[in-house]
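Good morning, everyone. Please look at the screen, and follow along as I go through a few elements.

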Amino acid sequence: GDEDDLEFRPPVVTVMGHVDHGKTRLLDTIRKTNVQEGEAGGITQHIGAYQVVTEVGEQERLITFIDTPGHEAFTAMRARGANSTDIAVIVVAADDGVMPQTVEAINHAQAASVPVVVAVNKIDKQGANPQRIRQQLTDYGLIAEEYGGDTMFVDISARQGTNIDALLEAIVLTADATLDLRANPKMEAQGVAIEAHLDRGRGPVATVLVQRGTLRVGDSIVAGDAYGRVRRMVDEFNEDIIEATPSRPVQVIGFTSVPGAGDTFLVVDEDRVARQIADRRQARMRNAQFASRRKRVSLEDLD
Ligand code: GTP
Ligand code: NA
Ligand code: MG
């Protein structure tokens with residue numbers, strides 16, 4: 001943990017906003033793939049996480065994106081997204097305007113002191129009124145640069161691919177202007193589980209975001225009260241990767257149980273240590289539940 005060991009890492013950007021305002025479509029357009037068509041009912045069920053390369057000016061820059069659901073039932077996921085992020089992109093549909101989950105997303109970003117970029121989406125639609133969005137958002141402390149504020153607004157159409165480059169540039173400019181994006185890649189990995197589920201064929205699968213250090217196949221890992229050995233890591237295209245550096249999201253296969261979304265993870269020297277930490281957390285969880293049945297206790301500390 002020496003200052004010299006710090007290296008530049010890509011910004012982590014969480015895409016938030018009201019249901020159906022176009023978050024997943026925007027990420028699809030950025031990745032030129034089509035996840036949104038395949039989702040159940042077109043509603044994002046899990047937080048997806050992807051890394052993309054973009055060209056800004058002459059430079060190639062990596063950006064990590066985390067997708068979140070807009071549905072009102074998913075408040076906790078948006079809060080977790082905001083807490084593991086460097087920048088929030090708030091997507092607002094220009095025909096629909098500011099809606100309850102727009103406001104909630106802004107509140108999460110502001111509570112986490114995360115800079116906001118506003119993507120005013122669906123400008124291709126009839127009735128789209130991007131200036132009205134700027135006016136509405138002044139009530140929430142987001143003042144557009146053209147009105148003397150310091151929030152970047154970019155009018156886009158995720159469907160038609162309009163102004164996507166300008167949005168990526170706004171993200172990179174915001175990152176460069178406001179953030180110190182450095183982490184030590186040389187230590188054992190730490191980070192956060194963004195989402196996790198039990199896969200029929202592969203067992204527990206956790207999407208984790210590496211925040212410090214480098215995560216490698218073979219590492220002993222503990223996340224919340226789950227532990228295991230990283231047997232395989234795959235990216236969003238299901239391609240195997242053998243190591244993941246800071247800001248990299250990866251799917252980890254090898255946990256013996258499913259970690260909780262939002263659990264922090266760390267790599268330890270031996271499987272035995274990982275199991276001990278997990279066991280101790282499970283025991284503490286049981287004791288806490290016994291002592292107080294009123295509320296679930298989250299155990300973040302590691303001793
Ligand atoms: P949740 O994850 O359910 O909160 O929704 P979302 O914000 O991810 O929205 P999604 O990307 O699923 O898009 C919702 C609908 O809006 C889909 O039918 C998209 O095709 C459509 N849509 C998204 N962006 C645009 C756009 O720029 N223009 C138009 N006309 N339609 C769009
Ligand atoms: Na949707
Ligand atoms: Mg979505």
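Let's begin with a term: two strands pair if DSSP finds at least two bridges between them. Keep that in mind. This is a predicted model.

Start with strand 2. It is joined to strand 5 by 5 bridges, and the two run parallel. Val-15 has Val-89 of strand 5 as its bridge partner. Strand 4 also runs parallel to strand 2, with 4 bridges between them. There, Val-13 sits opposite Phe-65.

Is strand 2 enclosed or open? Of its 6 residues, 6 are buried, so the rest of the structure largely encloses the strand. Now the directions. Val-12, Thr-14 and Met-16 point one way. Val-13, Val-15 and Gly-17 point the other way. All are buried.

Next, helix 1, residues 23-31. Which of its residues are buried? They are Lys-23, Thr-24, Arg-25, Leu-26, Leu-27 and Thr-29. What do they pack against? Strand 2 is one of the partners, and helix 5 is another. Strands 3, 4, 5 and 6 are on the list too. Just after helix 1 comes Lys-32, with a positive phi of about 55°.

Last, a helix pair. Two packed helices are described by the angle and the distance between their axes. For helix 2 and helix 3, the axes come within 9 Å and cross at roughly 35°. The crossing is right-handed. Helix 2 brings Thr-75, Arg-78, Ala-79 and Ala-82 to the contact. Helix 3 brings Glu-104, Ala-105, His-108 and Ala-109. By class, that contact has 4 nonpolar, 2 polar and 2 charged residues.

Thank you.

Technical notes: Residues are numbered from 1 along each chain as its sequence is written. Chains are lettered from A and ligands numbered from 1 in the order in which they are written. This is a predicted model: local features need pLDDT of at least 70, side-chain atom pairs count only at pLDDT 80 or more; totals for chains, interfaces and linings use all residues. A residue is buried if 20 or more other C-beta atoms lie within 10 Å of its own, exposed if 12 or fewer, and partly exposed in between; C-beta atoms are placed from the backbone. Two residues are in contact if their C-beta atoms, placed from the backbone, lie within 7 Å. Axes are lines fitted to C-alpha atoms, for helices over the stretch in contact, and angles run from 0 to 180 degrees between N-to-C directions. A crossing is left-handed if the near helix is turned anticlockwise from the far one by less than a right angle, and right-handed if clockwise. Ala, Val, Leu, Ile, Met, Phe, Trp, Tyr, Cys and Pro count as nonpolar, Asp, Glu, Lys and Arg as charged, and the others, Gly among them, as polar.
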